[in-house]
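Keep the structure in view as you read.

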Amino acid sequence: MPREKTLEDLFVDTLKDIYYAEKRILKSLPKMAKGAESPKLKKGFEKHLTQTEGQIERLEQVFEIFGQPARGKKCEAIEGIIAEGDTIMKEYRGTAALDAGLISAAQAVEHYEITRYGTLRRWAEMLGKRNAASLLDRSLKEESDTDEQLNMIAEQANETAKTRNGKSAGKSRKAAKKGLSGGEARAKVMPGSAGETGQTNGRDGE
Ligand SMILES: [Fe+2]
């Protein structure tokens with residue numbers, strides 16, 4: 001008969017999943033930074049790269065708290081999300097819609113991480129590992145903040161993408177980037193709802 005599985009087994013398996021995902025993200029972030037058009041978005045990706053290194057270290061500490069070797073387990077979800085981002089990068093390269101697409105891909109990554117960290121934090125609490133829970137909480141907050149920052153950058157990127165596909169398509173790209181041809185009325189997207197470009201401008205929470 002197979003051994004009984006417990007919450008701790010679930011925890012460790014999920015920890016391996018996010019460890020794999022973080023390492024995978026670490027590899028893809030420089031590519032995204034290089035691909036981004038706007039300097040703000042580039043900077044955002046670079047900042048998140050440094051944060052991701054810290055998150056990987058925190059996960060290693062959590063493995064240690066649970067007396068387990070730090071090991072990843074292939075996460076098909078993150079592979080799929082990153083592959084979609086790569087496709088956007090290829091198909092939208094050189095267009096005004098690139099950054100809006102890159103942000104949508106990055107937010108899909110963030111939301112995946114938010115759900116993982118939220119679950120792991122709760123399970124760590126339930127397993128009585130307060131130190132692990134607080135490490136996971138720090139990473140969860142970073143991911144949520146990154147998601148919020150992407151929301152802000154998305155406002156401009158969405159306008160740029162929209163303008164170039166609309167009536168003002170004849171205006172210069174530089175002007176579009178500065179928002180000069182995008183008009184003053186910015187499309188405000190309510191938290192939790194999908195934006196006009198399919199932006200996930202909401203938060204999953206935990
Ligand atoms: Fe992360």
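Start where two helices meet. From H3, the residues Ala77, Ile78, Ile81, Glu84, Gly85, Ile88, Met89 and Tyr92 make contact with H4. Their partners in H4 are Leu98, Gly101, Leu102, Ala105, Ala108, Val109 and Tyr112. By class, twelve of the residues in this contact are nonpolar, two are polar and one is charged. The two axes come within 9 Å and cross at roughly 175°. H3 and H4 are therefore roughly antiparallel, because an angle over 145 degrees counts as such.

Now step back to the whole. This is a predicted model. The protein has 206 residues, and 38% of them count as buried. It holds six helices and zero strands. Read from the N terminus, the order of elements is α-α-α-α-α-α. What share of the contacts between residues at least 6 apart in sequence joins residues at least 24 apart? The share is 71%.

How far does the confidence reach? The mean pLDDT is 85, and 79% of the residues reach 70 or more. Residues 167-206 have a pLDDT below 50. Beyond near neighbours in sequence, that stretch still has 63 contacts in the model.

Turn next to H1, residues 7-35, and its pairing with H3, residues 76-92. Their axes come within 11 Å and cross at roughly 10°. Is H1 roughly parallel or roughly antiparallel to H3? The angle makes H1 roughly parallel to H3, because angles under 35 degrees count that way. H1 contributes Ala21, Arg24, Ser28, Met32 and Gly35 to the contact. H3 contributes Ile78, Ile82, Gly85 and Met89. Sorted by class, the contact of H1 with H3 has five nonpolar, three polar and one charged residues.

H1 also packs on H4, residues 98-126. Here the axes are 10 Å apart and the angle is about 155°. H1 and H4 are therefore roughly antiparallel. The crossing of H1 with H4 is left-handed. On the H1 side, the contact takes in Leu7, Leu10, Phe11, Thr14, Leu15, Asp17, Ile18, Ala21, Ile25, Met32 and Gly35. On the H4 side stand Leu102, Ala106, Val109, Tyr112, Glu113, Arg116, Thr119, Leu120, Trp123, Ala124 and Met126. The contact of H1 with H4 divides into 16 nonpolar, three polar and three charged residues.

Some residues of H1 can be followed from one partner to the other. Ala21, Met32 and Gly35 are among those that meet H3.

Why does Tyr19 count as buried? Tyr19 has 21 other C-beta atoms within 10 Å, and the cut-off is 20 or more. Leaving out residues up to four places away in sequence, Tyr19 touches Leu59, Ala70 and Gly72. Gln55 lies 36 residues from Tyr19 in sequence, yet their C-alpha atoms are 8.9 Å apart.

Finish on helix H5, residues 130-165, where Leu140 sits. Leu140 has 23 C-beta neighbours inside 10 Å, so Leu140 counts as buried.

Methods
Residues numbered from 1 in each chain as written. Predicted model: local features only at pLDDT ≥ 70, side-chain atom pairs only at ≥ 80, totals over all residues. Axes fitted to C-alpha atoms, helices over the stretch in contact; angles between N-to-C directions. Helix = DSSP H or I, 4+ residues; strand = E, 2+ residues; numbered from the N terminus. Parallel < 35°, antiparallel > 145°, perpendicular 65-115°, else oblique. Contact = placed C-beta atoms within 7 Å. Nonpolar A, V, L, I, M, F, W, Y, C, P; charged D, E, K, R; others polar. Buried ≥ 20, exposed ≤ 12 C-beta atoms within 10 Å, placed from the backbone. Left-handed = near helix turned anticlockwise from the far one by under 90°. pLDDT = per-residue confidence, 0-100.
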